[in-house]
Amino acid sequence: MINPVLSVALPIAMFLLSLAMFCCLIRILRGPAAQDRVLALDCMYLNGMLFMLVLGIYYSSSAYFEAALLIALLGFASSTAMAKFLLRGEVIE
Amino acid sequence: MTEQILPLWLDIFISAVVVLGALVALIGSSGLLRLKTYFERVHAPSIIATLATWCVMHATVIYFSVQEQKLAIHALLIAIFIAVTVPVTTIFLMRAALFRARRSGEKVPPSLSENSESRAQAAAVQCGEMEPD
């Protein structure tokens, strides 16, 4: 990383994103109902996806883009499946 | 990959956009802790899905376009995908939470889709013609 401003700003952004993921983690552990935990997990995978994009800029490599895309895809699928489970009691009827 | 130094103004611009995106993500996530009820908290991830994702996506697109000397808009794919899927997830989670709240006897708005009778009753309650029971 040789750009002077980016090499300072990207670790700050990563720190803020980890703090955001920590907020979600507290809600996952404390959440009074199951839907709170699912919502916090949904929020957490969005933060993780943003973290992957920032890492991709930091290491200047496109390989992190695929990781971010996978997190986005599987996060959507898992959140939908868990919401379906909360609604019906089973995922595939 | 040959790494090159960006011009300083572009450096500052990308840094500002990335930090803004991370800050917005932090604000949205702290909403999960600060808001009181589930039906307020369900709005929190959408702030990440809209502003934070689009900020980081713009930074990624600009950085890789300059770095590789060609248009690199693959990060736009993630932003569009997130913009399409997060409302779907929110609606599903909201329906599940409403269903569970109704079943456990909490005071939530009546269902509109079960049958026409309850729908008519709900409409009457909403117009103020009938007292909710």
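**Exercise 1.** Divide the lining of the largest cavity into nonpolar, polar and charged residues.

*Solution.* Step 1: list the lining, which consists of A:Met52, A:Leu53, A:Gly56, A:Ser61, A:Ser62, A:Tyr64, A:Phe65, B:Thr60 and B:Phe64. A cavity is a set of points, on a 1 Å grid over the protein atoms alone, where a 1.4 Å probe fits but cannot get out, and lining residues have an atom within 4 Å of a point. Step 2: apply the classes, with Ala, Val, Leu, Ile, Met, Phe, Trp, Tyr, Cys and Pro as nonpolar, Asp, Glu, Lys and Arg as charged, and the others, Gly among them, as polar.

The model is predicted: local features need pLDDT of at least 70 and side-chain atom pairs pLDDT 80 or more, while totals for chains, interfaces and linings use all residues. Residues are numbered from 1 along each chain, chains are lettered from A and ligands numbered from 1 as written, and side-chain values use heavy atoms, without hydrogens and water.

**Exercise 2.** State the volume of the largest cavity and find which element gives the most to its lining.

*Solution.* Step 1: the volume, the space filled by probe spheres set on grid points joined across faces, edges and corners, is about 30 Å³. Step 2: H2(A) gives the most to the lining, with three residues. Helices here are DSSP runs (H or I, at least four residues), numbered from the N terminus.

**Exercise 3.** Describe how H2 and H3 of chain A pack.

*Solution.* Step 1: take H2 (residues 34-58) and H3 (residues 63-88) of chain A; their axes lie 8 Å apart at an angle of about 175°. Axes are lines fitted to C-alpha atoms over the stretch in contact, and angles run from 0 to 180 degrees between N-to-C directions. Step 2: H2(A) and H3(A) are therefore roughly antiparallel (an angle over 145 degrees). Step 3: the contact (heavy atoms within 4.5 Å) includes A:Tyr45 and A:Met49 of H2(A) and A:Ile71 and A:Phe76 of H3(A). By class, this contact has 16 nonpolar, five polar and one charged residues.

Key:
Helix = DSSP H or I, 4+ residues; strand = E, 2+ residues; numbered from the N terminus. Parallel < 35°, antiparallel > 145°, perpendicular 65-115°, else oblique. 1 Å grid on protein atoms, 1.4 Å probe; cavity = no way out; pocket = protein on both sides within 12 Å on 5 of 7 lines; lining within 4 Å.
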